[in-house]
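Okay, thanks everyone, let's get going.

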Amino acid sequence: MIAAVKRWHAVLCALPFFIPSGAHAADDVNGAAHDLARQTAVFAGPGQPVSVEYRNVSSLGPAELGQARGAFEAALKEAGLRVSDVAPVAELRLTLSENQSQYLLVEEARKGDERQVWMAAWKRAEPAAAALPGMALDRKLVWEQEEQILDVAFPAAGMLVLSPSKVALYTPRENGSWALGRAVPLAPGKPWPRDVRGRLRVTGASFQAFLPGVECGGAAEPSLSIECRAGDQPWVLESGSHATLLANFAATRNYFDGRVATGNGLRKTMAPFYSATSAAEQGRPLWLLAMLDGRTQIFDAWLETVGAIASWGSDIAGTEASCGGGSQVLATRPGNAGEPDAIQAFAIVNRAATPLTAPVEFAGPVTALWPMSATSALAVVRDPLTGRYAAYVITVVCGS
Amino acid sequence: MTFRTRLLLVFTVAVVASVALVEWLVTDSTRQAFERMETQRVNGLVAQFRKEFAERGQRIVRAVDGIAASEAAINIAIAADDSPYYNEAASLAAAHGLGLLELVAGDGTIVSSAEWPARFGYQEDWLREPADWESRGAFLRREELPDGVTLALVAVGTASAGGRQLYVAGGQQLDREFLSSLVLPEGMRVLLYRNLEAGFSAAELVGGRAEDVPRVQPLIAQVQQRKRAIARTLGSGAGAETFHALPLTGYQGDLLGVLLISSSRRELVELESVLRRTGMAVAAAGILLGMALSWWATAHVTRPVLRLAESAARVAAGDWGATVASSSAGEIGQLARAFNRMTRELVAQRERLVQAERVAAWRELARRLAHELKNPLFPLQITVENMQRARERSPEQFDEVFREGAATLLAELANLKQIVARFSDFARMPAPEMQPVSFNELVSDTLKLFEPQLAQARVRADAALDARLCPVQADPEQMTRVLRNLILNAIDAMPEGGTLTVRTSALEGGVRLEVSDTGQGLTPEECGRLFTPYYTTKAHGTGLGLAIVQSVVSDHHGRISVESSPGKGATFRIELA
Amino acid sequence: MRLMSSPWFAVRNLALAALAATAAAATRPHYGGTLYVEIRQSFETPDPPTTGYGMPDLAQAFAITSWEAGRRAVYAAGENAPGGRPFLDTVEIEMARPLRDQSIDLELGKSDVVELGPGELRRQPAGRKVWASAPVRLVALVFAPRVEDARIREALALAVDRAAIHNVLLQRQGEVSAALLPQWLSGYAFLFPAAADAARARTLVAGLPAAVRAISLGVEDAAARPIAERIALNARDAGLAVSVVPQVAGADARLAEVRISSLDPALALAGMAVSLGLPEPPRAASPEALYAAERALLEGFRVIPLFHLPDAYGVNPRVKGRPGITPLGEWRFENLWVEGGRP
């Protein structure tokens, strides 16, 4: 019985794998086919007719199998053998297979009572990222990388990407892609907490990077530089173009510890929360804090509880697009990390969330959602299959 | 055996025989009546059991139909992939109280088997045979299990949905547990022989004991041969059982098992035993009563006869005056009166005889005395006449004649005195003074005393003395005299010499003394008169010796006899006990 | 290019997708809470195991705080664990728990992570969260040295109907295999024929003396007993009398389970050979050489590979985060968190 086809999780590509050396390590399917054809020619004898059967037990498609077939038969011909089902001197069966690190061409040859097996392998290529469908809310992929993206900002010099291990500045290319300008490593002194979060705040050419227990300041020009020190400075959470909240982040956790200060000087210690944004309901300012228990509490300007929303995820960001009441809250969908997530725009009406747009679906969970501008926010999404992180700019497009 | 005992025996035998016959007749007819009742009862129980067995089958049919109609079965029937249900049969079987259950797809493939879970995917083609399973009800079937083959009562149902079919084959193993679950009246038990192998196998007998196997095997063989129900009584006594052997066939008519319903005959046997014991008790009582009556009757009848016999015995013992009371008017009375007459005559005759003997004895004594005295008297007379003659004729010779004559007179007077003394002795025999006497010593001593006389007579004396002889109560002086008399007689009987043998031998509590000689012997006539006083074969002597011997022996309550024939000597035998 | 994914993860994703349709609470990981795990295995050692899979894997990010041999172990999050302190405060592991009881506890919400037995993966209710590794467990028949006649071993190898067992008893969990290394690891497992050949098996048995046709098959794991009994039935069809016994000591053959210990096929094969009592294979530099080495190990039928099975766990919906096991079945609980209390 032929083993069932197995498609393997690309996460294993990050693990150490065995690269075979030796006679049958080919570069690609063509090389593998040639290797096998040479072996077959010696086995069958020159000028002899051979019959060949093909099968695919790998995750590669018919095209790849066809390629392997063509390459093999061409190599057989080159080696002086004829492919024919009429009175073959040898019967061959070629199987396209794979393991977790290589593709294999496995040839079983039978000549009378004699049986031979040869294999040729070549390394598996890393899978490319899949193209993802559009969003209702306008979303634009701005960056993708293996390492976790904490935040992305766009100073004049290019694109700053904050990751747990570094801050990188990318400069735009003519074709619209980004080239790495410079990356400065971050050395926090002790390991980051799990589900590490970070925030970039760009002011002109300089920027601040907020990380748990660490505060960094740097400049993107003339070249990227950054200086970090341990500290407990509050993060600046800007919401839209008006509201600002200063909130202290727990150095060994993934949430704000509850100490907040509003822009008008009000200081208070709340319950810990994951994210916060401001919203306006009929002109009255409100603060919304996504608490640890999964509910988003609504506070008035004095940070008194006035309501709660239970149907949001833990990441919220505020926009002030001119439509939708002038104040929108982008919120992730309640769900489990690792599940496909979505971002939807809501308005606060009567202390309740009213959807403004259809949800924008993502293939994986949203790991970061920060307001970017008055009408946009940055969303970082992790692909659960590939493990890569992608940063999207979510723009509230009026009229769509 | 006495007349009374014989009569009693006859009466007893008659009573016993008649009572036994009546008892047997009554017992037998009662037993037959009980047997008939028992047979009817057993038949009724067997019918009841058959009904119970059929009911079990119905229960299985209902359970199977219930499973076939259940949603679970429908789901399995219509499932495109029945592999998830491979364990379903076990839980369904448990829920419906079945020991065996197989869910089989329409193509005969086992989906799930409760009794053999590993058999999923195997074929059960027999279910696809054209058969109306619903109407067939429960039937017997040979079932294969992981640990062997068994017999099962199964039923088949079908679940149909969406053009697809699922067979539900469920049932119960016919094993010990099944049999023990059947409700049986007391005294009944059921065995099952599973006919799964050729021939007979003791291992296939379920519900029985080891001792049942040899009993039921022939019955099973008969059922196997004839394929019909057979009833037999097996065993004996209280352990006997009536077996009804019923053939159990499969749905194709093959004999798959034999059901043996046994009904214990213990109750009946016990009843019969009670009956028998009662009968015997009554018979025994009757016999005892009969014997008692017989005893009384025989006593009543034989008492006069006994009295007659006793009187006859007394007469035979010498009491000739014995009479019998004769109140009866019948033959016994006549016999008694005749007896009495006889004894009276006997007594009279005896008296006359005694008188006559006395007269004869006196005459004999007088004759003997006259004879004995005549002899010494004649010489006396001659002597005196001689003396007279001498005085008258030869006074010069008178002194000598007087001396000779005086001597002769004195001698003859001494002789006369001896004769008188002997007679006096004989007349005046004293009673014996009994004491323990060692007869061996007595014989030895006596023979010693006779040694000179024996030597002179040229008689050799042999003493054959029994060493086992113990002292015997006797008068030693009298017994010595007896022995001396016998020895003297023996010496006298052997004038030319010979051998004298004295023999002692122990008798039970007594002694036998024999004195034998090798003389000329005696004729039978002489033997008969030997102990008569004054009878002698010798030329001299008083003839009292043996009479004295006899008298002494008689006083010792002994017996004396003589054994002799002419020319062969004589043996005198004395027995004291 | 199509994305690579494994069927077991596909199943998991299906379950997760179904779960996503129902509303849940916060999406960001929570710090705190205790993860309750139940396992069948019982470690009677005075100290927690440090080698193997499962509990030893926790040592990276957790530290043992309580150890009751054979009963219970409690691990606490390490504050300085690589990659950051785990979200969970503690992991509590209850040992020696029968599979059926584990399922009930999961159903009642008394447990967060339980083991799923063979064939149970497919039978999980819709929406049940499941973690499944790659097929890393080899189930094989291993003969004792005293079974000297190779015909017996070959006959049993030919008699076993792997497809039926895989289809029904294992509910198509894992894969049928006649190779020591699974297809996903070697790429050539399909070269080892796994189909049953009852006719040839019968021919081999017919040439055996009757005395040697009876063999005992030891199986200690009660969950594997149905597999052993089906093998015994297959063997019976071939003329072998196989009796299933609960002890492996003294049995002529045993139903054994061996884990893949490395993602390196050569190392994995060497480790498997050691575990199965086979000679150490030569180091293979290529798939072809590895195939030859594996073939050499399986000649003689001392070991008859049957299936490669994944580790499968049923997971309480309150457990969030990425799957807590790696493809090799190693526990990775540092990125898990729990929401809500335990009922």
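So, what share of the 577 residues in chain B is buried? It's 41%. Keep in mind as we go that this is a predicted model, so everything I quote is computed from predicted coordinates.

Staying with chain B for a bit: DSSP gives it 14 helices and 17 strands. The accessible surface is about 31200 Å², and carbon and sulfur atoms account for 55% of that. If you take contacts between residues at least 6 apart in the sequence of chain B, 61% of them link residues at least 24 apart.

Now zoom in on a sheet in chain B. We've got five strands in an open sheet, ordered β2-β1-β5-β4-β3, and the pairing is antiparallel. On the edges sit β2 and β3 of chain B, with β3 covering 139-145, and each of them pairs on one side only. From one strand to the next, the twist averages 35 degrees.

Look at β1(B) and β5(B): they run antiparallel, with six bridges joining them. If you want a landmark there, find B:V104, which stands opposite B:Y167 in β5(B). And what packs on this sheet? That's α1(B), which touches β1, β4 and β5 of chain B. The direction of α1(B) is at about 40 degrees to that of β4(B).

Which of its residues are buried? Those are B:A73, B:I76 and B:A77. They span an arc of only 100 degrees around the axis, so they end up on the same side of α2(B).

Okay, over to chain C. Here we have ten helices and 13 strands, and 59% of the 343 residues count as buried. Chain C exposes about 12900 Å², with 55% of it coming from carbon and sulfur atoms. For contacts in chain C between residues at least 6 apart in sequence, 73% join residues at least 24 apart.

Let's talk cores. How many residues are in the largest nonpolar core? There are 84, and the ones with the most contacts inside it are C:L156, C:L180, C:I231 and C:L255. The biggest giver is strand β6 of chain C, residues 129-143, which puts in eight residues. Take C:I231 as an example: leaving out residues up to four places away in sequence, it touches C:L141, C:L156, C:V160, C:I165, C:L217, C:L255 and C:L306. There's also a second, separate core with 43 residues, and that one includes B:L140, B:A155, B:F178 and B:L192.

Last one, chain A. Of its 400 residues, 53% are buried. The accessible surface of chain A is about 16500 Å², and 53% of that belongs to carbon and sulfur atoms. Among contacts in chain A between residues at least 6 apart in sequence, 46% join residues at least 24 apart.

How values were computed: Residues are numbered from 1 along each chain as its sequence is written. Chains are lettered from A and ligands numbered from 1 in the order in which they are written. This is a predicted model: local features need pLDDT of at least 70, side-chain atom pairs count only at pLDDT 80 or more; totals for chains, interfaces and linings use all residues. Side-chain values use heavy atoms; hydrogens and water are left out. A nonpolar core is a set of buried Ala, Val, Leu, Ile, Met, Phe, Trp, Tyr and Cys residues joined through side-chain atoms within 4.5 Å. Buried means under 20% relative accessible area, exposed over 50%, partly exposed in between (1.4 Å probe, protein chains only). Helices (H or I, at least four residues) and strands (E, at least two) are DSSP runs, numbered from the N terminus. Contact means heavy atoms within 4.5 Å. Accessible areas come from the Shrake-Rupley method with a 1.4 Å probe; for residues, only the protein chains shown count as cover. The arc is that of the directions from the helix axis to the C-beta atoms. Two strands pair if DSSP finds at least two bridges between them. Axes are lines fitted to C-alpha atoms, for helices over the stretch in contact, and angles run from 0 to 180 degrees between N-to-C directions.
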